[in-house]
Amino acid sequence: MDKLYDLTERDGLPESLRVLLETFPREEWESHPNFAGLVAFWLDRHEMFRKLCAVMGTDAEAVMDKKMDPRAMQQRLSQYGGALLQQLHGHHQIEDAHYFPVLRKREKTLDRGFDILDRDHHAMDGLMTRFADGANGVLQGNLETGRFRQELTSFESLLMRHLADEEDLIVPVILKHGPDGMH
């Protein structure tokens with residue numbers, strides 16, 4: 001398999017797929033007229049995923065350091081882990097069914113990038129199942145918090161890679177073409 005397509009091997013998008021990112025660099029996104037609305041909302045969702053992972057990681061470390069009651073962590077893990085999985089699954093469904101097909105038509109030169117993101121979503125399905133199994137193991141008392149923390153770290157690392165690559169590909173397309181037809 002091409003390393004480019006493998007979420008576990010990739011360390012970013014290739015230069016050929018970062019062409020629009022050079023025209024629309026991250027530090028200028030928020031000041032662009034097409035940022036407000038859809039792009040801001042979409043990036044807020046990504047930030048929520050990052051924050052949920054961080055909170056669950058901090059909680060697991062607090063339990064491991066005996067600074068948090070495991071039951072409190074379990075309660076929060078149930079709430080935050082469930083929210084992460086539910087929201088991430090819905091987010092990917094909307095992207096796959098609506099956003100990606102529309103954006104793919106707008107920037108045909110980035111076709112391979114959309115293929116990468118599609119493969120990521122399929123890979124994330126398995127990673128989300130593994131995360132859920134680990135979280136359920138902690139909730140049922142069948143998995144040590146330290147082992148779950150390792151699983152979460154692995155999950156979070158791959159999710160962060162996907163989110164960054166997705167943002168680098170998608171946001172410049174929306175900034176260039178505008179959000180018309182995306183809602």
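Which residues is H91 in contact with, leaving aside its neighbours within four places in sequence? Here are some notes to read alongside the model, and point 5 comes back to H91.

1. **What you are looking at.** This is a predicted model, in which local features need pLDDT of at least 70 and side-chain atom pairs count only at pLDDT 80 or more, while totals for chains, interfaces and linings use all residues. Residues are numbered from 1 along each chain as its sequence is written, and side-chain values use heavy atoms, with hydrogens and water left out.

2. **The fold at a glance.** Start by tracing the helices: the protein has five helices and zero strands, so its elements read α-α-α-α-α from the N terminus on. Helices (H or I, at least four residues) and strands (E, at least two) are DSSP runs, numbered from the N terminus. The radius of gyration is 18 Å, close to the 16 Å that the globule rule gives for 183 residues, so the protein is as compact as a globular protein of that length. That radius is taken over C-alpha atoms, and the globule rule is 2.2 Å times the number of residues to the power 0.38. Along the principal axes, the C-alpha atoms fill a box of roughly 50 × 35 × 25 Å.

3. Of the 183 residues, 46% count as buried; buried means under 20% relative accessible area, exposed over 50%, and partly exposed in between (1.4 Å probe, protein chains only). The protein exposes about 9500 Å², and carbon and sulfur atoms supply 49% of that area. Accessible areas come from the Shrake-Rupley method with a 1.4 Å probe, and for residues only the protein chains shown count as cover.

4. In soluble globular proteins, nonpolar side chains tend to be buried together. Here the largest nonpolar core has 28 residues, and W29, L169 and I170 have the most contacts inside it. Such a core is a set of buried Ala, Val, Leu, Ile, Met, Phe, Trp, Tyr and Cys residues joined through side-chain atoms within 4.5 Å. The elements giving two or more residues to this core are α1 (19-23), α2 (38-64), α3 (70-106), α4 (111-139) and α5 (145-177). The largest share, six residues, comes from α5. A second, separate core of 27 residues includes A60, L88, L127 and F148.

5. **Back to H91.** This residue sits in helix α3 and counts as buried, at 9% relative accessibility. Leaving aside neighbours within four places in sequence, H91 is in contact with W42, R45, H46, F49 and E166, where contact means heavy atoms within 4.5 Å.

6. **L103 and I170.** L103 is also a residue of helix α3, and it is buried, with a relative accessible area of 0%. Beyond its neighbours within four places in sequence, L103 is in contact with F114, I170, V173, I174 and M182. Look at I170 from its own side too: not counting residues up to four places away in sequence, I170 touches W42, F100, L103, F114 and L117.

7. **Two lysines to find.** K66 lies in the loop between α2 and α3 and counts as exposed, at 74% relative accessibility. Most residues other than glycine have a negative phi. Phi of K66, however, is near 60°, a positive value. K105 is in helix α3 and counts as exposed at 63% relative accessibility.
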